[in-house]
Amino acid sequence: MQAQVLDIRPIARFRRSHSLPVAGNVLVRPGQNVSSGDLLAEVDIPVSQVTVDVVRTLGLASSQEAEELIQHKVGERLEDRDIIAETGGLFSRVIRTPAPGLILSIQDGKVMIETKTRHVALEARIPGTVAEVQRNRKIIIEGNGTLIQGAWGNGKIGRGPLVNKVSGREAALNPSNLAIEARGGIVLAGSCVDALTLDQAAEAHIAGLIVGSIPSRLIPAAESQPYPILVTDGFGLMGMNQLAYQLLSTNLGREASISALPMDQRKGTRPEVVIALPVDGQIFDGICEYKPGQMVHINAYPYAGQTGIIEKVSPANALLPSGLRAPAAEVRIDQVRKVIPLANLEVISIESELSAETQ
Amino acid sequence: MGTTSMDAVSLIALDLGSVNVRAHLFDVADGQYRFIASGVAAATIHAPYFDIGESIYQALDRLEKISGRILLDKDANLTIPSQAGGEGADGLVVTYSCGRPLNLVTVGLLGDASLEAVNQLAGSVNGRIVESIGINDRRPMDSRADAVLAARPDLILFAGGTDNGASRSVLKMADLVCRILQMMPAEERPTVFYSGNQALAPEVKDLVERYTSIDIAPNIRPQIDKAEIDKVGATLSPVINRIQANDIKGLARIATICNAPPEASASAAGKIVRFLSSVNDPQKGVLAFDIGAGSSSVIAGFGGKASVNSFPFGTGNGLAEFLKKVNVQQIRQWLPKSILLEDLRDALYQKTLSPASIPATDEALQIELAVTRQILREMVREIRLRGGLTANGYDPILASGTTLTRATSPQQILLTLLDGIQPVGITTLILDKHSIISSLGAAAPVQPYLPVQVLESSAFTNLATVVTAVSDSRPGTDILNVRLEYESGKFTEATVAKGSIIALPLKPGETGKMFLEPEHRTRIEPSGLVEDFYKVNGGICGIVIDARGRPLNMPANDDEREQLYASWMVALGE
């Protein structure tokens with residue numbers, strides 16, 4: 001059975017695709033080095049328009065007559081109160097633009113003006129090198145370093161030096177952890193239990209927050225923060241998984257980039273932390289099967305966030321404590337063996353898969 | 001495309017879900033079409049494959065192992081047609097529910113005519129109506145255009161005018177649609193589906209084609225008092241397929257060897273419901289529920305017509321959408337055991353991060369079944385709002401979905417369905433334990449005998465015949481006397497108290513005569529009539545009399561609720 005994978009590696013090579021919704025203006029070129037948050041491309045997408053009916057407004061006989069009077073062309077920009085058309089003569093009738101904007105079309109005596117656009121700015125989610133630019137829309141960045149994937153993010157991107165002021169992977173963030181040293185840093189904590197602390201973190205101008213878990217009631221508060229928040233394990237108060245905590249703690253002081261974009265199964269993206277390193281890692285394509293000896297992370301209630309080692313993969317559907325039957329594995333978690341459905345496990349020790357690939 | 005037709009005998013039906021892909025094998029045995037076996041594999045539409053093809057191969061591989069029939073050749077391709085040695089199958093059909101929910105914009109004229117009809121049509125698509133524009137919309141034209149732009153639709157459903165009726169209004173709306181399309185970058189422009197005044201179809205096509213593709217369908221409202229939702233729905237299906245094929249990598253590839261175009265699962269299941277409603281009790285309708293991981297549906301059939309209602313929520317990757325609609329307390333009311341609201345909320349949101357996960361503990365399973373109940377409640381509420389429920393009740397009610405079929409006991413499934421659907425009258429609850437109903441619908445055009453014969457076989461499980469007794473009496477009051485006479489001549493009798501649920505044994509395959517004697521103005525059928533007796537069919541849970549009340553009100557007290565559930569499960573025979 002194809003395993004779900006949670007990529008947590010001290011040395012990895014990664015390749016991430018960034019896309020505009022439509023073709024736009026690409027600001028980088030292949031071979032260029034970028035940092036997390038750098039602007040890669042941008043585009044303006046129309047969201048509002050107004051149509052001026054010259055025929056009706058001027059009381060003309062035909063659209064042809066209107067088009068002869070219109071003083072602009074498609075693609076021209078109109079400023080506030082610019083004249084669109086006028087009849088001329090002693091008692092000239094004038095139509096002015098109702099708002100500044102770009103003329104999108106002139107057809108059948110009607111002028112369509114784009115009055116508002118939505119600016120889409122595409123920022124780099126990870127540091128690295130621009131590997132490819134496709135059709136002014138898609139930019140692929142490759143990089144090397146430590147990679148830690150997570151479970152949930154509040155949609156923001158940021159970077160800064162890693163800071164750890166809590167006592168352990170289960171410790172909750174509290175205001176005393178947000179002293180001056182945290183300013184501009186990516187703060188580490190096992191969990192966060194209240195919205196007030198999140199607000200105070202914003203006031204302390206931290207660059208980002210990586211926590212193991214948060215209660216789901218804090219989702220709205222987390223989403224409203226101006227800094228990225230990445231949750232490694234999920235919802236509740238289970239702290240951070242040991243492997244992620246260890247890896248992050250050994251990189252304190254180094255610059256980390258957080259891409260706290262929410263998990264999107266269709267695009268294959270999930271929130272992740274990258275610490276760029278001048279090493280050569282390996283790309284992992286995500287294809288592996290469940291096997292004894294693998295370290296796994298449990299992603300479902302009630303064991304979410306726990307990690308263990310697969311001792312045995314059941315050859316047939318196993319009977320679970322819930323009474324259901326499903327493909328499962330016996331997983332040793334803190335010296336206790338539990339039967340966990342394979343669908344609830346993410347393989348996090350993939351070094352053996354990479355070794356197998358290179359043989 | 002493979003050959004369509006009556007000479008196909010064995011058939012593979014693939015059902016592509018967002019969590020699982022199923023490969024079903026149907027073949028002739030003892031002169032009748034039978035469901036033979038299924039192979040199931042985890043869907044690979046997402047990372048790392050991003051292509052459904054791998055899971056199709058795995059599902060077929062499992063089917064080979066289970067059925068003992070060789071289906072794949074040495075290059076791992078499906079062998080079609082079947083060979084002299086018995087390898088392969090004669091035909092292939094595909095249904096899918098793994099597509100993402102679509103953003104739909106509906107455009108019509110009058111809110112109680114074309115716009116209502118096109119909104120109903122939109123309800124059959126797995127998606128959400130993000131904007132709806134009618135002729136009586138008070139917003140300025142520019143604001144309406146802006147609203148559609150902001151909604152970023154995948155499809156615009158456009159209707160209006162009876163045939164040879166309103167033309168100026170329709171063309172005005174067409175002009176609005178074109179204006180919107182003009183504003184959009186070419187890559188973002190949605191397809192337009194026009195099902196309005198046919199006399200204007202060429203003109204509308206000319207206008208819209210300058211900007212995007214347009215499909216012309218029959219008028220959804222050819223006359224003011226006639227709506228052709230079913231007919232137009234059939235022409236909408238290939239349009240949806242085309243849009244979804246862009247998202248479901250591998251679908252277009254498998255379609256080249258199918259005997260019919262792939263079909264959305266709910267739409268295919270609609271054919272079966274339509275058929276059943278035309279052959280069953282003409283006084284009653286037929287209902288079919290499907291609870292999926294990404295989307296769910298309820299199909300209501302009556303008198304040979306069916307309305308398909310799809311919803312973009314489910315127990316897996318559709319749970320996040322569902323949690324936007326309901327509050328956690330509404331789910332908690334269905335839990336038989338106490339759990340802190342905060343813990344329940346965390347468990348639910350955790351599930352949105354791991355949509356394919358399986359309940360590992362009893363508590364996790366109860367949470368999943370509580371979600372299922374509330375999804376059923378929401379679907380019933382929604383279809384009632386859409387005017388889609390008939391007052392006379394439904395018989396049978398079919399149910400499918402992994403969450404139901406993998407529950408630990410038939411009593412657990414039955415109670416989930418009864419709590420969620422809360423049927424009235426006398427009905428038969430049937431479980432589609434292999435999730436084949438949509439496959440049967442897809443097979444119908446290829447081999448019409450197949451679905452009819454498989455429906456009559458044991459592929460479907462008769463859970464119970466359910467009699468709902470509704471009374472205003474106080475709980476504990478005796479409201480109904482029941483006598484069940486068996487074919488053997490023996491009988492059993494029971495008195496049912498308000499607030500209780502009981503089960504009388506009658507096995508699948510057996511029939512009996514049920515005599516009902518309501519007391520204290522207890523109502524059974526919505527029509528109010530009570531027959532001298534009812535001929536009833538047996539089910540795994542027998543004949544169930546549900547006198548718990550409608551609507552069902554669950555106690556807020558955790559201990560009370562736990563005791564109540566335990567007593568109901570005992571009463572049902574667990």
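Let me start with a domain contact: 11 residues of domain 2 of chain B are in contact with 11 residues of domain 3 of chain B. Contact here is a C-beta criterion: two residues qualify if those atoms, placed from the backbone, lie within 7 Å.

On that domain 2 side, helix H2 (114–123), strand E6 (127–133) and helix H6 (229–247) of chain B each give two or more residues. H6(B) gives the most, with 4 residues. Helices (H or I, at least four residues) and strands (E, at least two) are DSSP runs, numbered from the N terminus. By class, the domain 2 side has 2 nonpolar, 7 polar and 2 charged residues. Nonpolar covers Ala, Val, Leu, Ile, Met, Phe, Trp, Tyr, Cys and Pro; charged covers Asp, Glu, Lys and Arg; the others, Gly among them, count as polar.

A word on the model. It is predicted, with local features needing pLDDT of at least 70 and side-chain atom pairs pLDDT 80 or more, while totals for chains, interfaces and linings use all residues. Residues are numbered from 1 along each chain as its sequence is written, and chains are lettered from A and ligands numbered from 1 in the order in which they are written.

Back to the domains. Chain B has domain 1 (11–98 + 250–261), domain 2 (102–247) and domain 3 (265–571). Those bounds come from an automatic or database domain assignment. Over C-alpha atoms, the centres of domains 2 and 3 of chain B are 35 Å apart.

Next, the chains. 46 residues of chain A are in contact with 40 residues of chain B. On the chain A side, E5(A) supplies the largest share, 7 residues. That side divides into 27 nonpolar, 15 polar and 4 charged residues.

What has the most contacts inside the largest nonpolar core? Val177(B) and Leu414(B), in a core of 260 residues. Such a core joins buried Ala, Val, Leu, Ile, Met, Phe, Trp, Tyr and Cys residues through C-beta atoms within 7 Å. Buried means 20 or more other C-beta atoms within 10 Å of the residue's own, all placed from the backbone. Leaving out residues up to four places away in sequence, Val177(B) touches Val107(B), Ile156(B), Phe158(B), Val192(B) and Val208(B).

Last, a helix pair. In H12(B), Leu369(B), Thr372(B), Arg373(B), Leu376(B), Arg377(B) and Val380(B) meet Thr416(B), Asp419(B), Gly420(B) and Ile421(B) in H14(B). That contact has 4 nonpolar, 3 polar and 3 charged residues.

Notes: Buried ≥ 20, exposed ≤ 12 C-beta atoms within 10 Å, placed from the backbone.
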